[in-house]
Amino acid sequence: MKRRTLIAGGAGLFVGGVGLMAGAGWRAFQRSPGDPRTEPLIEEPAPVPTPAPPKFDLSKLDGSQLVSIDATGWHSWALIDHNDGAMTGSATFNEISRTCSVIKVWIAADYLRTKNPSSSKQAAISKMIRDSDNASATTLFAELGKSASFKRMQEMCGLTDFTPGSSWGQCQMSSRDMARLAAKVQDGTAAGPNWTEWLISEMRLVRLGTWGIREAFPPDQAAQLPIKNGWDTTAATKTRHMNCMAITSRWSLMVMTRYPISYSGGDRHGQAICRDVTAQLLQREELKPLFEA
């Protein structure tokens, strides 16, 4: 009997204990006003992701706003992005002028792609590129079929502004077409997969005609920049031509100039225009994604 009473009493204590604990728990959650534990939880706003910068698109940039050249005569330039083929340039980049020796890049590429050049022919191509040798260019161009070679160039490079002329030295193209040609050299189309690197290496080793575009770069970079320049005078129109091409893995640039033979600036006038166009482009903040990639 006593045992039942103890059990019952224990049960009563247990139930009472629960009640006491519940009461204590309730009181534990009754906080005074202002207690931070009674304030509602405020969720931090999710961070707003930084929008990705717009994709670089060279064609969206107005070339007339990138370069300002106030010089005697006519000039034209075109810059192409090899990543997507986008291009910008001067308002005159569709106007044609004599390419002079810059076209030797095509003669070299077409010969390397379509022939199996012997060591002597490789030497001739090298001399044509490094020293701008005219005799080598004439011989190689004749072997390529002259107008047939130009027809291949027009089709392969997608040229839109091109007048063949009676010889390789008389052909006329726009700076944008020359930039398109440069892009086809860089991607392996013009010279073919077996000879592209060889040709570009030869363009790094140019000895005669290193002025212009290269002059805008620091000496260490200039020495590694693949280029081909062209220069001549046209007696019929009494004009002087100074042209520059540069090819890199990411971009190609073509600058063309034409001005009176009588102008006192001589060759250096056109050479300086090629240099100054390049220097201004390199300084543009908008073009850093292209030049610093």
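User: Two strands pair if DSSP finds at least two bridges between them. In β5, which residue is the bridge partner of F162?

Analyst: This is a predicted model, where local features need pLDDT of at least 70, side-chain atom pairs count only at pLDDT 80 or more, and totals for chains, interfaces and linings use all residues. Residues are numbered from 1 along each chain as its sequence is written, and side-chain values use heavy atoms, without hydrogens and water. Strands (E, at least two residues) and helices (H or I, at least four) are DSSP runs numbered from the N terminus. β4 and β5 (residues 172–174) pair in the antiparallel sense over 2 bridges, and the β5 partner of F162 is M173.

User: Which are the edge strands of the sheet?

Analyst: The open sheet has 3 strands, in the order β3-β5-β4. Its pairing is antiparallel. Two strands each pair on one side only: β3 (96–98) and β4 (162–163).

User: What angle does the direction of α7 make with that of β5?

Analyst: Helix α7 (residues 175–186) packs on the sheet and touches β4 and β5. Angles run from 0 to 180 degrees between N-to-C directions, with axes fitted to C-alpha atoms, for helices over the stretch in contact. For α7 and β5 the value is about 85 degrees.

User: Is α3 parallel or oblique to α5?

Analyst: The axes of α3 (residues 104–114) and α5 (residues 134–143) come within 10 Å and cross at roughly 45 degrees. Under 35 degrees counts as roughly parallel, over 145 as roughly antiparallel, 65 to 115 as roughly perpendicular and the rest as oblique. Therefore α3 is, relative to α5, oblique.

Note on methods. Contact means heavy atoms within 4.5 Å.
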